[in-house]
Amino acid sequence: MNALFALLLVVVVATSAAPAPADSDAQAAIVSQTSDVQPDGSFNYAYESANGIKVEDQGTIKSIKVPKLDETGRQIGDEEVLVSVQTGSYQYTAPDGQLYTLRYVADENGFRPQGDHLPVAQNA
């Protein structure tokens, strides 16, 4: 009986000394946070969590011309539409200890990320 108790005690001590599971990032506290939203639709925000995740984003509203189409899909001129233009970045430390930073622009031309860890197309 004492051997069983000793074995149970060893298991409890070993599991309590084990590293926290990876999903403990979900419980990381926010250590700093800013946010500013303007009536014209522009905004910026940033935050940093205790586990080293950092996020920054800013946006504006931009007017662009796009083709105006009739009900058949034929272009009948141009029209102005408002689009959101965002720039920002985020960084985090991967489980292997590597720090990853991704910068991006998102606008009428799509989402365009950049980062040292991302592949880059080669011109032929």
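User: What counts as a salt bridge here?

Analyst: A salt bridge is a side-chain nitrogen of Lys or Arg within 4 Å of a carboxyl oxygen of Asp or Glu. Side chains of opposite charge can pair when their charged atoms come close. The model in question is predicted. In this model Lys-62 forms a salt bridge with Glu-108, and their closest N and O atoms are 2.9 Å apart.

User: Which parts of the chain does the pair of Lys-62 and Glu-108 tie together?

Analyst: Lys-62 lies in strand β3 (residues 54-69) and Glu-108 in the loop between β5 and β6 (110-114), so the pair ties together parts that are 46 residues apart in sequence. Lys-62 is partly exposed, at 34% relative accessibility, and Glu-108 is partly exposed as well, at 33%.

User: How many salt bridges does the count come to?

Analyst: The count is 3. Asp-70 and Arg-74 form one of them, with the closest N and O atoms 3.2 Å apart. Asp-107 and Arg-112 also meet through their side chains, at 2.7 Å from N to O.

User: Are Asp-70 and Arg-74 buried or exposed?

Analyst: To read this, take buried as under 20% relative accessible area and exposed as over 50%. Asp-70 has a relative accessible area of 16%, so the residue is buried. Arg-74 has 54% and is therefore exposed. For the other pair, Asp-107 is buried at 18% relative accessibility, while Arg-112 is partly exposed at 34%.

User: Now the fold. What is the order of the elements from the N terminus on?

Analyst: The order is α-β-β-β-β-β-β, that is, 1 helix and 6 strands. The protein has 124 residues, of which 15% count as buried. Among contacts with a separation of 6 or more, 19% come from residues 24 or more positions apart.

User: How do β4 and β5 pair?

Analyst: In a regular strand the side chains alternate between the two faces of the sheet. Here, β4 and β5 pair in the antiparallel sense, over 8 bridges. Within this pairing Gly-88 stands opposite Tyr-104 in β5. The hairpin of these two strands has 5 residues between them, and in it Gly-97 takes a positive phi near 90 degrees.

User: Where does Gln-98 lie, and what is it in contact with?

Analyst: Gln-98 lies in the loop between β4 (75-93) and β5 (99-107). Leaving aside neighbours within four places in sequence, Gln-98 is in contact with Tyr-92 and Thr-93. Its relative accessible area is 43%, so Gln-98 is partly exposed.

User: How many bridges join β5 to β6?

Analyst: There are 5 bridges, and these strands run antiparallel. They form a hairpin with 2 residues between them. Ala-106 has Phe-111 in β6 as its bridge partner.

User: Last, the surface. Which residues form a nonpolar patch?

Analyst: A residue needs over 30% relative accessible area and no salt bridge to belong to a patch, and nonpolar side chains are joined within 5 Å. Ile-30, Tyr-45 and Tyr-47 form such a patch, with about 260 Å² of accessible area together. Tyr-47 is placed in strand β2 (residues 43-49) and is partly exposed, at 31% relative accessibility. For the protein, the accessible surface comes to about 9700 Å², and 57% of it belongs to carbon and sulfur atoms.

Methods. Residues are numbered from 1 along each chain as its sequence is written. This is a predicted model: local features need pLDDT of at least 70, side-chain atom pairs count only at pLDDT 80 or more; totals for chains, interfaces and linings use all residues. Side-chain values use heavy atoms; hydrogens and water are left out. Helices (H or I, at least four residues) and strands (E, at least two) are DSSP runs, numbered from the N terminus. Buried means under 20% relative accessible area, exposed over 50%, partly exposed in between (1.4 Å probe, protein chains only). Contact means heavy atoms within 4.5 Å. Accessible areas come from the Shrake-Rupley method with a 1.4 Å probe; for residues, only the protein chains shown count as cover. Patches are made of residues with over 30% relative accessible area and no salt bridge: like charges are joined within 9 Å, nonpolar side chains (Val, Leu, Ile, Met, Phe, Trp, Tyr) within 5 Å. Two strands pair if DSSP finds at least two bridges between them.
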